[in-house]
Amino acid sequence: MADVKKFLYVNRKAPYGTIYAWESLEVVLIGAAFDQDVALAFIDDGVYQLVKGQDTKEIGMKNFSPTYSALGDYDINKIYVEKESLEARGLTIDDLQHLVWEDEDDDWAEKDSIKIVTASEMAEIMDQSEVVLSF
Amino acid sequence: MSMLHIVNKSALDRNSLEACVNHTIKGATILMIEDAVYSAMKNTASSSMVEGAMKDVSVAVLGPDLKARGISEEKLIDGVTVVDYAGFVELTTKNDTVQSWL
């Protein structure tokens, strides 16, 4: 398709305390309808968005975290999480949701969407993006 | 006099917890709510600040906000108390004054 651009959504806020995380997810899903090349970056407090086991019943807010597992169905399978940000927060990849996508060019094999990258690798990813949207 | 200090921001995003810790005296209580509950976790870049403060003050964290964020109690710094909404109210009545660090 002509005019496909490389989009990068940069997420730096924790969920629930502010509306940024949810708004970002909404925009990502809307953007997915436009067949662009989409990647998501989670840095700083943004890594908290992907923590598994979120249960918002007692705070009276919508738990939007299950929506991240639907991203693979929208062909969003480049989810970069910054290593330094996880470490500063006492977290490892095992604390995050296991996000996957199905590769149609590889007999629909299920593959991991999350990739842990260093800050300098993240800088490269940002540099190679054509459109950056920050939340 | 005893004071309840309430913090609601992530210590790795804002300096409100640090400001709070720098203005507490022995016998005070810090209650972490909303995005501040992450600051009750061990092995983080702000854990040592909280552990240092806990020599003089008690630290409580709001359970419903922890659960919402998927943070299990095993991940908390030893000695941090988890309270529910009733416990939150009790803290406000048990202390003489309340200060919110916005």
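Modeller: One cut-off before we start: a residue counts as exposed over 50% relative accessible area and as buried under 20%, with partly exposed in between. Also, keep in mind that this is a predicted model.

Biologist: Thanks! So is B:Asn43 buried or exposed?
Modeller: B:Asn43 has a relative accessibility of 61%, so this residue counts as exposed. B:Asn43 belongs to the loop between β2 (29-32) and α2 (47-53) of chain B.

Biologist: And what is phi of B:Asn43?
Modeller: Phi is near 60° there, a positive value in a residue other than glycine. Most residues other than glycine have a negative phi.

Biologist: Okay, and what about phi of A:Asp44?
Modeller: Phi of A:Asp44 is positive as well, near 50°. A:Asp44 sits in the loop between β2 and β3 of chain A, and with a relative accessible area of 25% this residue is partly exposed.

Biologist: Let's switch to rings. How many aromatic pairs does the structure hold?
Modeller: Six, over all chains. In one of them, A:Phe42 and A:Tyr68 have ring centres 6.2 Å apart and planes at 75°, so this pair is edge-to-face.

Biologist: Where do A:Phe42 and A:Tyr68 lie in the chain?
Modeller: They come from distant parts of chain A, 26 residues apart: A:Phe42 is in strand β2 (residues 37-42), A:Tyr68 in the loop between β2 and β3 (79-82). Both A:Phe42 and A:Tyr68 are buried.

Biologist: Which residues do ring pairs link into a cluster?
Modeller: A:Phe42 and A:Tyr68 are in it, along with A:Tyr16, A:Trp22 and A:Phe64.

Biologist: Now helix α1 of chain A. How far does α1 reach from its first C-alpha to its last?
Modeller: α1 (residues 20-32) has 13 residues and reaches 18 Å, close to the 18 Å expected at 1.5 Å a residue.

Biologist: Which residues of α1(A) are buried?
Modeller: A:Ala21, A:Ser24, A:Leu25, A:Val28, A:Gly31 and A:Ala32. They cover an arc of only 130° around the axis, so they are on the same side of α1(A). As a reminder, an α-helix has 3.6 residues a turn, so residues three or four places apart point the same way.

Biologist: And what covers the buried residues of α1(A)?
Modeller: Strands β1 (6-11) and β2 of chain A are included in that cover.

Notes. Residues are numbered from 1 along each chain as its sequence is written. Chains are lettered from A and ligands numbered from 1 in the order in which they are written. This is a predicted model: local features need pLDDT of at least 70, side-chain atom pairs count only at pLDDT 80 or more; totals for chains, interfaces and linings use all residues. Side-chain values use heavy atoms; hydrogens and water are left out. Rings of Phe, Tyr and Trp (its six-membered ring) pair if their centres lie within 6.5 Å; planes under 30 degrees apart count as stacked, over 60 as edge-to-face and the rest as tilted. Helices (H or I, at least four residues) and strands (E, at least two) are DSSP runs, numbered from the N terminus. Buried means under 20% relative accessible area, exposed over 50%, partly exposed in between (1.4 Å probe, protein chains only). The expected span of a helix is 1.5 Å times one less than its number of residues. The arc is that of the directions from the helix axis to the C-beta atoms. Contact means heavy atoms within 4.5 Å.
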